[in-house]
Amino acid sequence: MSKRTREASAKARIAAQREALRKQEQRRRATMVVTVAVIAVVAIAVGWWSIAQSASEKVTGNLAPISIQEDGSVVMAQRGVTAPVVDVYEDFQCPACKQFEETSGSTLKNLAAEGKAKVVYHVLTIFPDEPTKSNSLRAASAARCLTEGSQWMAFHDKLYQGQPSETAVGFTADQLVKWGHEAGASAPGFDSCVRGEKNVAAHQEYSSKIMSALKLPGTPTVMLDGQSLEDTAFVPSALREAVLNAAK
């Protein structure tokens with residue numbers, strides 16, 4: 001083989017190797033693009049699934065009967081439903097309680113309406129400092145001025161909608177009276193009950209008793225048959241699943 005032929009052959013081999021390397025790099029890049037695309041699709045799917053799992057329910061119909069108990073707690077349940085029991089320990093001034101109500105409050109209302117649970121609300125005051133302590137006491141006292149269950153629940157929801165900042169004086173007497181009327185309160189003594197904060201002492205006694213007996217870490221605390229649901233309470237689909245499983 002002549003020198004010229006050998007050089008041509010070597011050049012051809014080098015060219016072939018370069019072409020093979022080029023195609024290999026193209027395949028690597030194509031694989032990388034596909035992998036990235038698959039990861040992106042999976043991430044989007046997981047994101048949408050997570051959003052769907054945490055999406056709040058809509059209240060689908062009439063609420064279950066609501067009754068105000070002698071100690072100030074409030075029960076929402078269909079007639080004859082005694083279990084499972086979901087206890088909600090809340091403070092109207094607590095921002096996390098507002099978040100819970102906005103996220104999972106409708107799930108509890110639906111479960112009670114469906115006859116799947118007995119829901120019991122316990123209003124507490126957890127704040128030791130001002131202005132949050134007095135805000136909480138005024139709101140809780142005013143809620144006790146309502147004697148009709150559906151009005152109490154409507155007022156309960158309005159309190160969270162109008163929750164003041166933790167650094168501001170709020171839940172004023174004028175606001176509470178106005179919201180009470182909007183919730184349906186029409187009893188002659190309602191306004192004076194709210195303005196006179198007539199239920200503060202009874203509320204504080206109940207709050208201290210519950211906090212001491214259960215050693216609650218704070219609010220909201222949501223318990224299912226006596227066991228804390230912790231973060232599950234903030235995921236509507238998980239909350240529903242837990243309650244339905246407890247009913248089996």
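Biologist: How much space lies in the largest pocket?

Modeller: Let us begin with the general idea. Rolling a probe the size of a water molecule over the atoms shows where empty space is left. In this model, which is predicted, the largest pocket holds about 170 Å³ of space.

Biologist: Which residues line the largest pocket?

Modeller: The lining consists of Val59, Lys98, Glu101, Glu102, Gly105, Ser106, Lys109, Asp157, Tyr160 and Gln161. Two elements give two or more residues each to this lining, namely helix H2 (95-113) and helix H4 (149-161). H2 provides the largest share, with 6 residues.

Biologist: Let us turn to packing. How many residues does the largest nonpolar core have, and which of them have the most contacts inside it?

Modeller: A nonpolar core is a set of buried residues joined through side-chain atoms within 4.5 Å. The largest one here has 44 residues, and Val86, Phe92, Tyr121 and Phe155 have the most contacts inside it. There is also a second, separate core of 6 residues, which includes Leu124, Tyr206, Leu216 and Met223.

Biologist: With which residues is phenylalanine 92 in contact, leaving aside its neighbours within four places in sequence?

Modeller: Once those neighbours are left aside, the contacts of phenylalanine 92 include Val123, Ala139, Ala140, Ala143, Trp152 and His156. Leu159, Tyr160, Gln163 and Phe171 are also in contact with phenylalanine 92.

Biologist: How many disulfides does a search of the whole structure find?

Modeller: The search of the whole structure finds 1. Cysteine 145 and cysteine 193 form this link, with their sulfur atoms 2.1 Å apart. The pair joins distant parts of the chain, 48 residues apart: cysteine 145 lies in the loop between helix H3 (132-143) and H4, and cysteine 193 lies in helix H6 (residues 190-195).

Biologist: Is the link of cysteine 145 and cysteine 193 left-handed or right-handed?

Modeller: The link is left-handed, with -85° about the S-S bond.

Biologist: Why does cysteine 145 count as buried?

Modeller: Buried means under 20% relative accessible area. Cysteine 145 has 12% relative accessibility and therefore counts as buried. Cysteine 193 is likewise buried, at 12%.

Biologist: Are cysteine 94 and cysteine 97 buried or exposed?

Modeller: Cysteine 94 is buried, because its relative accessible area is 4%. Cysteine 97 is buried too, with a relative accessible area of 1%.

Terms used: Residues are numbered from 1 along each chain as its sequence is written. This is a predicted model: local features need pLDDT of at least 70, side-chain atom pairs count only at pLDDT 80 or more; totals for chains, interfaces and linings use all residues. Side-chain values use heavy atoms; hydrogens and water are left out. On a 1 Å grid over the protein atoms alone, a cavity is a set of points where a 1.4 Å probe fits but cannot get out, and a pocket is an open set with protein on both sides within 12 Å along at least five of seven lines; lining residues have an atom within 4 Å of a point. Grid points are joined across faces, edges and corners, and a volume is the space filled by probe spheres set on the points. Helices (H or I, at least four residues) and strands (E, at least two) are DSSP runs, numbered from the N terminus. Buried means under 20% relative accessible area, exposed over 50%, partly exposed in between (1.4 Å probe, protein chains only). Contact means heavy atoms within 4.5 Å. A disulfide is a pair of cysteine sulfur atoms within 2.5 Å.
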